[in-house]
Amino acid sequence: MIYIHVPYCRSFCTYCGFYSETESAAHCGKDEFVRAAVLEMRSRRQDLSAVSERETLYIGGGTPSVLPLYALERLTGALAELRDGRGYEEFTMEVNPDDVLEKGSEYLCGLRKAGVDRVSMGVQSLDDGILKWMNRRHDADEARQAYRMLRDAGFENISIDLISGISLLSDTVWRATLDEVVSGMGAGRAPEHVSAYQLSVEPDSALSAMVEDGRYHEAADSRCEEQYGILCDRLHEAGYRHYEISNFSLPGHEALHNSGYWRHIPYIGIGPAAHSLAVTRLPGQEPVFRRTWNTASLADYVKGAAADDFSVCRGGETLTVQQVDMESVMLGLRTDEGVEENFLRETCGDDAVDAALSAGTLLRMEAVSSLQGLQDGGQRLRIPENHFFVSDSIISGLVCP
Ligand code: SF4
C-alpha cells in the first residue's frame, strides 16, 4: 500500500485540519515537491520494490488535482520504475470539483492514462449556503457538473465525500443532498462509494478559531446522531453496504486501500506529513512494527531531499506488541467485519468483552466466511450498526476499561 501526500490547496476549507499549504503562499513550487518526492521514493527503493500484501496506490492531500499531468506522470513513472512496472489492484486519486471543471476532460483522460481507476471527490454538500460556509471553491451545481464529467471521462469507480453534523445543516437539506447523491447527481448512476464524516473541530483549523470566539456553536450530539441515522437509512435503502463507521459502498466497491489501514496492513507514505507502517518478521521472534512520519513542512522536506538525508525530516517510533494489538482492536471495531473474539478477549479481557456483549454494544457475527478478504478464522465480534455512532466510547470501554 503506497500513499503520496500532495501538500497544496488553492485555499483552506473552514473545517480542515490536514497539512497543506496554499499554492500562492507555498514555500516550494510543485516541481520542487515532485523532485523531492521522487528522491524519497528512490531512497526507499527496497520497501517500494517489495511485493506488499495489498498493491494499492492512493494520492491524497491537500489537493492532488492541483498537480499538472506532467507532475503526476513523474510521480507514477518513478514508482513504476521502482516496482518493475507492476500495476495496482486499486489506484485512487482525490480530486476537487473546481479542478475537474477548470482542467476539463483532457485532464481526466490523462488521469486515466496514468492509471487512476478510482476517484475520490470532495463534494461535502449539495447546498450552496453550506458550501459557502465551508469556504469550498465550488457550488452545488459545479459539483454536479464535475461528477458528470468524471462519468463522461469513463471513471467507473467514484467515491464522494460528504459532511454532516453541522449546526447550520437542517435535516431537510441533509436528506435532499443524500437523495440527490444516491440518484446519481444528474449522471444517471450513483457513486460506487460514499464517505460521510461528521464535522469535527480540528486543532489549527479556521473552525477551531470560530468556536473559540463564538462565531460557531457546535451541533448538539442528538442532532448529529439524528443526521447519522438519516445517512445510514438512506444509503441502506439505496443498496450500500455500511462497511466502516463513515464509509458505504455498493457491492464489491469497498475501498481496498483504506480497508488495508483498518486491517493494519503495512503501508509506505511519501511526501510531507505522510505516515508509514513497516513490519519486520524474523524467524522465531515477535514481529516488530515501526511507524514513521515525514515532517509536516514542505520546506524542511525539500531541504532533506536536497541533502539526500530524509532522516532529518522523519520521525518514528517502534510499537510494542500491546500497542499493535490495541490498534488492531480499535481499527477492526470501526468496521462491519469486527475482530476475532479470541483475539479481542486476549487483548481486552473477558470481563470487558462479556459486559459489552450483555449490553448489546458488541454482537457475534454469523457468516464469517462470507467476509471479503478475511481468512476464515474464528468467531468474530462487531459493534452493531445502531451503535456505530457511539463507537468511540464503546471502544474506549474495551481498551481502557
Ligand atoms: S478539505 Fe481538502 S481542499 Fe479543503 S483545505 Fe482540506 S485538503 Fe484542502
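The ligand is surrounded by Cys9, Ser11, Phe12, Cys13, Tyr15, Cys16, Gly62, Thr63, Asn96 and Arg136, a residue being counted if one of its heavy atoms lies within 4 Å of the molecule. This shell comprises five nonpolar residues, four polar and one charged; Ala, Val, Leu, Ile, Met, Phe, Trp, Tyr, Cys and Pro are classed as nonpolar, Asp, Glu, Lys and Arg as charged, and the others, Gly among them, as polar. The model is a predicted one, in which local features need pLDDT of at least 70 and side-chain atom pairs count only at pLDDT 80 or more, whereas totals for chains, interfaces and linings use all residues. Residues are numbered from 1 along each chain as its sequence is written, and side-chain values use heavy atoms, with hydrogens and water left out.

Eight aromatic pairs were identified, defined by ring centres of Phe, Tyr and Trp (its six-membered ring) within 6.5 Å. Tyr228 and Phe389 form a tilted pair, with 5.7 Å from centre to centre and 50° between the planes; planes under 30 degrees apart count as stacked, over 60 as edge-to-face and the rest as tilted. The two residues, 161 apart, link distant parts of the chain: Tyr228 belongs to helix 9 (residues 221–237), and Phe389 to the loop between strand 17 (380–382) and helix 15 (391–399). Helices (H or I, at least four residues) and strands (E, at least two) are DSSP runs numbered from the N terminus. Tyr228 is classed as buried because its relative accessibility is 10%, the limit being under 20% relative accessible area, with exposed over 50% and partly exposed in between (1.4 Å probe, protein chains only).

Val173, in helix 7 (residues 171–182), is partly exposed at 24% relative accessibility.
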